[in-house]
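The sequence and structure are shown first.

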Amino acid sequence: MKKRKAVFLDRDGTLVVHIPFLSSPEQLRLLPNAVEGIRLFKKSGYAIIIVTNQSGVARGYFNEAQLTIVHNKLLTMLEWEGICIDDIYYCPHHLEGVVEEYRRVCDCRKPKPKMLLDAARYHDIDLTKSLMIGDSECDVLAGKNAGCTSVLIRDTARNDLSITPTSADYIVENLLEAAKLFT
Ligand SMILES: [Mg+2]
Ligand SMILES: [Zn+2]
């Protein structure tokens, strides 16, 4: 059977408003145009897979159970919009964490590609036909390291970005603009 194509989506600053170490479902706010963008991708046959670094677990700001509550709420919010997300992968680790079991250098924290590679194996995805979309260079590099096309969402509120170099294949304002490029 033919492998699927996928959009790997960063969570904070890409799908939802970035709140540092977001730990409660009440803090979730979908970014403008995100739903419309994902809808276009789904219509074009892309699997949608969220890949997110959540070092707040290692740092002791929240635990995996709380993170799961946040993610279940996020999935519900998207279901209300008629969108089914195929999977969520997260990295709970960090070298400077305070929670022993998560304090380490791991293979999953972006820019490493393990979350994308694991998802590709499990969901039978062709990485060369897939996109990694995110608002930071570690997303771009994770995409490149996995063999995907990389798309950087530029946060126009941050004024340093005009001078920040990026190796992204494409730069867009938001998810909808990305979807219009690839659907
Ligand atoms: Mg981000
Ligand atoms: Zn990790």
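Six strands form an open sheet, arranged in the order β3-β2-β1-β4-β5-β6 with parallel pairing. Two strands are taken to pair if DSSP finds at least two bridges between them, and strands (E, at least two residues) and helices (H or I, at least four) are DSSP runs numbered from the N terminus. The edges are β3 and β6 (170-172), each of which pairs on one side only. From one strand to the next, the twist averages 20 degrees.

The model is predicted: local features need pLDDT of at least 70 and side-chain atom pairs count only at pLDDT 80 or more, while totals for chains, interfaces and linings use all residues. Residues are numbered from 1 along each chain as its sequence is written, and chains are lettered from A and ligands numbered from 1 in the order in which they are written.

**Overall architecture**

The protein has five helices and six strands, and from the N terminus on its elements run β-α-β-α-β-α-β-α-β-β-α. The C-alpha trace spans about 45 × 40 × 40 Å along its principal axes. For 183 residues, a compact globule would have a radius of gyration near 16 Å, and the 16 Å of the protein agrees with this; the radius is taken over C-alpha atoms, and the globule rule is 2.2 Å times the number of residues to the power 0.38. Of contacts between residues at least 6 apart in sequence, 64% join residues at least 24 apart, two residues being in contact if their C-beta atoms, placed from the backbone, lie within 7 Å.

**Strand pairing and core**

Strands β1 and β2 run parallel and are joined by four bridges; alanine 6 has alanine 47 in β2 as its bridge partner. Four bridges also link β4 and β5 in the parallel sense, and methionine 132 stands opposite serine 150 in β5. Strand β5 (residues 149-153) is mostly covered, four of its five residues being buried. A residue is called buried if 20 or more other C-beta atoms lie within 10 Å of its own, exposed if 12 or fewer, and partly exposed in between.

Buried residues make up 38% of the 183 residues. The largest nonpolar core has 48 residues, and those with the most contacts inside it are Val7, Phe8, Ile49, Leu116, Met132 and Ile133. Such a core is a set of buried Ala, Val, Leu, Ile, Met, Phe, Trp, Tyr and Cys residues joined through C-beta atoms within 7 Å. Its largest share, five residues, comes from β2. Beyond its neighbours within four places in sequence, isoleucine 133 is in contact with residues including Val7, Leu9, Val151, Ile153 and Leu175.

**Helices against the sheet**

Helix α3 (residues 114-123) has Met115, Leu116, Ala119 and Ala120 as its buried residues. Seen down the axis of α3, these fall within an arc of 135 degrees, so they line one face of the helix; the arc is that of the directions from the helix axis to the C-beta atoms. On the other side of α3, Arg121 and Tyr122 are exposed. The cover over the buried residues of α3 includes β1 (6-9), β2 (47-53), β3 (87-91), β4 (131-134) and α4 (137-146).

In helix α1 (residues 34-43), the buried residues are Ala34, Gly37, Ile38 and Phe41. They cover an arc of only 95 degrees around the axis, which puts them on the same side of α1. Their cover includes β1, β2 and α5 (175-182).

Valine 140 lies in helix α4 and counts as buried, with 26 C-beta neighbours inside 10 Å. Between valine 140 and threonine 166 there are 26 residues of sequence separation and a C-alpha to C-alpha distance of 8.0 Å.

**Loops and backbone geometry**

A cis peptide bond joins lysine 110 and proline 111, with omega about 20 degrees; proline 111 is placed in the loop between β3 and α3.

Definitions and conventions
Axes are lines fitted to C-alpha atoms, for helices over the stretch in contact, and angles run from 0 to 180 degrees between N-to-C directions.
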